Amino acid sequence: MIKNTFVVGIVCLISFHASAQKINEPQNAPTSWSQPYPPFRVVGNVYYVGTYDLACYLIVTPKGNILINTGLAASASVIKENMEAVGFSFADTKILLTTQAHYDHVAAMAVIKTRTGAKMMVDEKDAGVVTDGGSSDYELGKHGKTFEPVTVDRLLKNGDTITLGNMRLVMLHHPGHTKGSCSFLFDVKEEHKTYKVLIANMPTIVTDRKFSDIPSYPDIAGDYAYTFDAMEKLSFDIWLSSHASQFGLHTKHKPADTYNPEAFVDRKGYDQSVSELETQYLKKVEKK
């Protein structure tokens with residue numbers, strides 16, 4: 001406990017120093033990242049409240065709500081409106097989580113944390129990047145600080161649980177895309193069925209450099225290998241991911257569709273996606 005408190009204190013100091021630097025959110029992002037999208041109920045108490053492609057998930061509990069990912073900085077108001085559109089209060093957000101510490105998933109975290117008082121919990125390997133606004137990221141750090149730094153309230157390790165109300169989420173460490181990329185696995189109870197839901201961070205490769213040319217992340221190749229092996233072994237019913245396009249949201253759901261969680265039961269699609277990404281990884285590793 002003392003060690004954990006000390007580490008959180010250190011990242012808070014980093015966050016204070018980073019706050020003095022200018023934020024440089026890349027302006028060449030795809031329009032789909034900021035394009036509004038009607039929020040909807042995915043399964044049980046899980047709602048999609050993100051944009052057309054940047055997936056943000058609201059998990060509702062009797063003790064307050066959990067928000068996973070926020071998209072770009074300008075998405076804060078979009079998320080608030082989407083939460084209210086599906087019947088929930090922005091102020092009831094109690095926990096903030098992210099699948100990866102890149103600006104397209106955490107850029108609105110700081111303002112949402114300030115407005116709601118929610119606690120930020122992050123994979124310990126991404127904590128430094130979260131608290132310095134992305135400037136220490138092994139690849140996107142070349143842009144400097146790309147989002148407002150966020151104070152971390154809890155560091156998470158592989159297999160740790162996040163509990164709120166009747167929900168218990170397990171964090172799965174899936175590094176490579178970032179040092180602390182992660183996924184979340186949890187049960188959602190319907191009236192006649194319980195679904196095991198996976199919100200996955202897909203291990204796409206973000207760098208054009210050879211892995212051997214990244215001195216700030218010497219374990220990158222091994223981390224990707226670990227992640228592919230771990231993801232191939234997972235058991236679940238429904239899978240979602242950090243980007244809507246990655247899990248085929250727009251072929252599985254249309255804005256006018258009625259509630260249908262079965263549309264997101266897609267093990268074949270998941271396996272195919274992981275396999276394709278692993279093939280890309282192996283080709284990159286094989287290049288000399």
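This report describes the nonpolar cores, a helix pair and several loop residues of a predicted model.

**Nonpolar cores and leucine 97**

The largest nonpolar core of the predicted model comprises 54 residues, and Leu97, Leu169 and Phe186 have the most contacts inside it. Leucine 97 touches Ile66, Leu67, Ile68, Asn69, Met109, Met121, Leu156, Ile162, Leu169 and Phe184, when residues up to four places away in sequence are not counted. Another core, of 33 residues, lies apart from the largest one; Trp33, Leu54, Leu67 and Ala118 are among its members. In soluble globular proteins, nonpolar side chains tend to be buried together.

Asparagine 69, one of the residues touched by leucine 97, is found in the loop between strand E4 (64-68) and helix H2 (75-85). Its relative accessibility is 0%, and asparagine 69 therefore counts as buried. The phi angle of asparagine 69 is near 75°, a positive value in a residue other than glycine.

Helix H4 spans residues 109-116, and its buried residues are Met109, Ala110, Ile112, Lys113 and Thr116. One of these, Met109, is also touched by leucine 97. The cover over the buried residues of H4 includes E4, H2, strand E5 (93-97), helix H3 (103-106) and strand E6 (119-123). Glycine 117 follows H4 and has a positive phi, near 80°.

**The pair H6 and H8**

The axes of helix H6 (residues 220-232) and helix H8 (residues 267-286) come within 11 Å and cross at roughly 160°. An angle over 145 degrees counts as roughly antiparallel, so H6 and H8 are roughly antiparallel to each other. The crossing of H6 past H8 is left-handed. On the side of H6, the contact is made by Ala221, Tyr224, Ala225, Phe228, Met231 and Glu232, while H8 contributes Arg267, Tyr270, Val274, Leu277, Glu278 and Tyr281. Of the residues in this contact, nine are nonpolar, none is polar and three are charged.

**Three loop residues**

Serine 34 belongs to the loop between helix H1 (2-18) and strand E1 (40-43). With a relative accessible area of 46%, serine 34 is partly exposed. Residues up to four places away in sequence aside, serine 34 touches Thr51 and Leu72.

Lysine 193 occupies the loop between strand E10 (182-189) and strand E11 (194-200). Lysine 193 counts as partly exposed because its relative accessibility is 38%. Its contacts, leaving aside neighbours within four places in sequence, are with Val188 and Glu262.

Glycine 180 is located in the loop between strand E9 (167-173) and E10. Its relative accessible area is 2%, and glycine 180 is therefore buried. Leaving aside neighbours within four places in sequence, glycine 180 is in contact with Thr99, Asp123, Lys125, Asp126 and His173.

| Residue pair | Separation along the chain | C-alpha separation |
|---|---|---|
| Serine 34 and alanine 107 | 73 residues | 12 Å |
| Lysine 193 and glycine 44 | 149 residues | 9.9 Å |
| Glycine 180 and asparagine 260 | 80 residues | 32 Å |

Technical notes
Residues numbered from 1 in each chain as written. Predicted model: local features only at pLDDT ≥ 70, side-chain atom pairs only at ≥ 80, totals over all residues. Heavy atoms only, no water. Axes fitted to C-alpha atoms, helices over the stretch in contact; angles between N-to-C directions. Helix = DSSP H or I, 4+ residues; strand = E, 2+ residues; numbered from the N terminus. Parallel < 35°, antiparallel > 145°, perpendicular 65-115°, else oblique. Left-handed = near helix turned anticlockwise from the far one by under 90°. Contact = heavy atoms within 4.5 Å. Nonpolar A, V, L, I, M, F, W, Y, C, P; charged D, E, K, R; others polar. Core = buried A, V, L, I, M, F, W, Y, C linked by side-chain atoms within 4.5 Å. Buried < 20%, exposed > 50% of the residue type's maximum accessible area, 1.4 Å probe, protein only.
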